[in-house]
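Subject: Handing over the two-chain structure

Dear colleague,

Please find below the structure that I promised to pass on to you.

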Amino acid sequence: MGNVIRGRVIIRGRAKGEVLVSREPLSFWGGYDYRTGEIIDRRHPLSGHIASGRVLAVPFARGSSTTTAVLLEAVRAGTAPAAILTTSADSFFALASIVADEMYAKPIPLLALEPGDFARLRTGARVRIHEDGTIVEEETSTANET
Amino acid sequence: MALKLSRSDDALLTGKHGPAAQRAMSIVTRMAEVHGASDLMDITGAHIDSTIYIGEAGLEFAERLASLGAQVAVPTTLNVSGLDEHHWQEWAVPADWAHKAHRQMIAYQSMGCLPTWTCAPYQTEMRPSFGQQIAWCESNAIVFANSVLGARTERYPDLLDICCAITGRVPAVGLHLTENRAGEILMRLVDVPPALQKDDSFYPVLGHLVGKIAQDRIPVIDGLAAQPSEDQLKALGAAASSSGAVALFHLVGVTPEAPTLEAAFQHRAPKREIDVTLDDLRQARRELTTAGGEQLHMVVLGSPHFSLAAADREARPPGREIPGHLEPRDGAARQAIRLSSSAGGIRRARDRRHVHPGLADAATGGQAADDELCEVRLLHPRPARCARHLRQPGGLRALCRGRSSRER
């Protein structure tokens, strides 16, 4: 990815971590084990990856509306992604983040990216997310997109 | 665009109606800001999906609202619980898990929600009407309400649903507004044999394909020759909302907002046009089969929740016996049996070891007879206090030893 990407702030916050990206939308219900932070949808390209503490980038939340509840459990259990990047304001992720803020004062930073910027994300890149929605790559990485 | 609140919204947000409503309103307004809404609007019904116990956070959320005295402001139905509340000991679930799952059920009932325990609230007497503004959660119910009934709901996430029910207000955005309900993608069925279009298996396969193609857009399906049943539409929507994020589809000549192709698109041009062929459907069918081998281990009926019509179809003499009999697991399925029975629609298996009509998905011992099954019924859904007992073969049985917080 390039050095700096500017995202639209859906839920404001700071985060840093390793990017984990896929073009496939993800359902957390049946797709995310909040006990371990592992992506467990066996049809998803990120199946088997640990998203806990990483900057998870998927276009949007697919399928069940229970995605929100599972993500909230992950926040409480400490296994949630450090931040979530999408291509549009995803109401499932946004709501989980708002409730995580209201209940545990732990909102998950959430940014919506232009499709062109989303396509520049690379799994393994280490990024820092700022409150104004800028995503800055911290160091070069050789990892490929998953 | 700044969010404008009405005086009553403001009263809720500043705590004039108590701390629970204040919290709920805070979440609703923050979501309205995420969507860039300029106003909130009234709803007249809600369906809550946050009823399944997944972990501590969901339980804490529900019990906190309940303990703050939350009450729903509109008629509100409840989705399934993960717990078979009367026979949970027959399942391999830990007592601690069952206890917490039950606490979560009680918390939502104590807020005044109707204990319908179904993922298909459109099959109950709470079925919304055309144009009705509602806040529904549960993906299959959302797509059915919008597409088949022409009611209006956004694709609400778990936890926001109860906040909308408590406040009776939602952000005035998305599928609540006419202009956002126009079709976006045209999917044209090409050379799909009419006989196939009448088959039940066609609709979940088509739905799976529709969801994969449409993703989070509104698909318009044209070229269907058959008149699908409500159960077939239900299967189409459920599959499309699982493989994609479809909250509304139009089926030209079938669904209420699509009398014509032009009407489905609100006289705008499609953003994309796609032909759907038999080959595409075959490919989608293959994607849906993940199991190998020939041994059948389990049959699950009713996902989404079995309808009365489906129960009636299953009542045809089965082709083969399976050991034991099955009993519906949740309230609405039991109701379906009761209705079916009183309508003379229930057919008794000659042998009690046959599949029982109206069955859902729980296997119990083989002794109970049809007559006993028919006795299993949910008393008419009423707020929690009235419906804490179920009529069972052995008489009334309390739903739980504990009591709802409101009655303590």
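This is a predicted model: local features need pLDDT of at least 70, side-chain atom pairs count only at pLDDT 80 or more; totals for chains, interfaces and linings use all residues.

Residues are numbered from 1 along each chain as its sequence is written, and chains are lettered from A and ligands numbered from 1 in the order in which they are written.

Let me begin with chain B as a whole. Chain B holds 14 helices and 14 strands. Two residues are in contact if their C-beta atoms, placed from the backbone, lie within 7 Å; among the contacts in chain B with a separation of 6 or more, 77% are between residues 24 or more positions apart.

One residue illustrates this kind of placing. Ala310(B) sits in helix α12 (residues 308-314) of chain B, and Ala310(B) is buried, with 22 other C-beta atoms within 10 Å.

Next come the sheets of chain B, where two strands are said to pair if DSSP finds at least two bridges between them. Three strands make an open sheet with parallel pairing, in the order β3-β2-β4 (chain B), and its edge strands, each pairing on one side only, are β3 (76-78) and β4 (135-136) of chain B. Strand β2 (residues 46-48) of chain B is joined to β3(B) by three bridges, and His47(B) has Thr77(B) as its bridge partner. A further open sheet, also with parallel pairing, has four strands in the order β8-β7-β6-β9 (chain B), and there the edge strands are β8 (250-251) and β9 (272-276) of chain B. Four bridges link strand β6 (residues 185-189) to strand β7 (residues 219-222) of chain B, with Arg188(B) partnered by Asp222(B). Helix α8 (residues 202-214) of chain B packs on this sheet and touches β6, β7 and β9 of chain B, its direction making about 145° with that of β6(B).

In chain A, the strands that I looked at run antiparallel. Strand β1 (residues 4-6) of chain A is joined by three bridges to strand β10 (residues 134-139) of chain A, and Val4(A) is partnered by Val136(A). Strand β9 (residues 126-129) of chain A is joined to β10(A) by four bridges, and β9(A) and β10(A) form a hairpin with four residues between them, in whose turn Gly133(A) has a positive phi of about 95°.

How many of the 11 residues of α1(A) are buried? Nine of them are, so α1(A) is largely enclosed by the rest of the structure. These buried residues pack against β4 (32-33) and α2 of chain A, together with α3 (56-67) of chain B. Just after α1(A), Gly78(A) takes a positive phi of about 75°.

Finally, there is the place where the chains meet. In all, 25 residues of chain A are in contact with 31 residues of chain B, and the largest share of chain A's side, eight residues, comes from α2(A). That side divides into 14 nonpolar, seven polar and four charged residues, where Ala, Val, Leu, Ile, Met, Phe, Trp, Tyr, Cys and Pro count as nonpolar, Asp, Glu, Lys and Arg as charged, and the others, Gly among them, as polar.Helix α2 (residues 91-104) of chain A and helix α2 (residues 19-34) of chain B pack at an angle of about 140°, with their axes 10 Å apart. That makes α2(A) oblique to α2(B), since angles under 35 degrees count as roughly parallel, over 145 as roughly antiparallel, 65 to 115 as roughly perpendicular and the rest as oblique. Axes are lines fitted to C-alpha atoms, for helices over the stretch in contact, and angles run from 0 to 180 degrees between N-to-C directions. Among the residues of α2(A) that meet α2(B) are Leu95(A) and Ile98(A), and those on the α2(B) side include Ile27(B) and Met31(B).

With best wishes

Notes. A residue is buried if 20 or more other C-beta atoms lie within 10 Å of its own, exposed if 12 or fewer, and partly exposed in between; C-beta atoms are placed from the backbone.
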